[in-house]
Amino acid sequence: MKFAHCVFFTLNDKSDVQCEALIAAGLKYLKPHDGIVSYAMGRREPEMQRPVNDQEFDVCLAIVFADRAAHDAYQVSDPHNEFIAEQKENWKQVRVFDSNVG
């Protein structure tokens, strides 16, 4: 079964420069990982203002892995750890939502 890993980043500095730096770091360190079926990272769409739309994040990362094992290998990989080390000072809050998907 495929495994979805969604991460919502709230940044200390919400500027275009910092949002784009986070997205660029994701492309560099996270996207090339083995076992990724789908990868997307981008900014929150400010025009989505329905009551159900969460407004408490700046950048979203959404990865679908081939399976849980691919996700687990990603979590401990050097590139993932490098991404965290490089970008963690940019984060005010990080929320992670993981789930099995069909």
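**Helix, sheet and side-chain pairs: a short tour**

D72 and R68 sit four residues apart in helix α2, residues 68-75, so about one helical turn separates them. Helices here are DSSP runs of H or I with at least four residues, strands are runs of E with at least two, and both are numbered from the N terminus. Hello everyone, and before I go on: this is a predicted model, in which local features need pLDDT of at least 70 and side-chain atom pairs count only at pLDDT 80 or more, while totals for chains, interfaces and linings use all residues. Residues are numbered from 1 along each chain as its sequence is written, and side-chain values use heavy atoms, with hydrogens and water left out.

Side chains of opposite charge can pair when their charged atoms come close. D72 and R68 do form a salt bridge, with their closest N and O atoms 2.9 Å apart. By salt bridge I mean a side-chain nitrogen of Lys or Arg within 4 Å of a carboxyl oxygen of Asp or Glu. How exposed are the two partners? D72 is partly exposed at 33% relative accessible area, and R68 is partly exposed too, at 47%. The scale calls a residue buried under 20% relative accessible area, exposed over 50% and partly exposed in between, using a 1.4 Å probe and protein chains only.

How many salt bridges does the rule give? The count comes to three. Another of them joins D58 and K14, whose closest N and O atoms are 3.0 Å apart. This pair links distant parts of the chain, 44 residues apart: D58 is in the loop between β2 (36-43) and β3 (59-65), and K14 is in the loop between β1 (2-11) and α1 (16-29). Is D58 buried or exposed? D58 is buried, with a relative accessible area of 11%, whereas K14 is partly exposed at 45%.

Then there is the salt bridge between the side chains of D16 and R43, at 2.6 Å from N to O. D16 belongs to helix α1 and R43 to strand β2, so this pair ties together parts that lie 27 residues apart in sequence. D16 counts as exposed, with 51% relative accessibility, and R43 as partly exposed, with 37%.

Now the sheet, if you would turn the model with me. Four strands make an open sheet in the order β2-β3-β1-β4, with antiparallel pairing. The edges belong to β2 and β4 (91-101); each has a single partner strand, so one side of each has no neighbour in the sheet. From one strand to the next, the twist averages 10 degrees. Two strands pair when DSSP finds at least two bridges between them. How many bridges join β2 to β3? Seven, with the two strands running antiparallel. To see one of the partners, look for A40, whose bridge partner in β3 is A62.

And where does α1 go? Helix α1 lies across β1, β2, β3 and β4, and runs at about 170 degrees to β2. Contact here means heavy atoms within 4.5 Å. Axes are lines fitted to C-alpha atoms, for helices over the stretch in contact, and angles run from 0 to 180 degrees between N-to-C directions.

Next, the aromatics. Rings of Phe, Tyr and Trp (its six-membered ring) pair if their centres lie within 6.5 Å; planes under 30 degrees apart are stacked, over 60 edge-to-face, and the rest tilted. That rule gives six aromatic pairs. One of them is F8 with F57: the ring centres are 4.9 Å apart and the planes stand at 80 degrees, so the pair is edge-to-face. F8 lies in strand β1 and F57 in the loop between β2 and β3, so the pair ties together parts 49 residues apart in sequence. F8 and F57 are both buried. In the pair F65 and Y74, the centres are 5.0 Å apart and the planes at 55 degrees, so this one is tilted. F65 is buried at 0% relative accessibility, and Y74 is buried at 1%. One aromatic cluster is formed by F8, F57 and F97.

How many disulfides does a search of the whole structure find? For C6, the nearest cysteine sulfur is that of C60, 5.9 Å away. For C19, the nearest is again that of C60, at 12 Å. C6 is partly exposed at 23% relative accessibility, while C19 is buried at 1%.

Technical notes
Disulfide = S-S within 2.5 Å.
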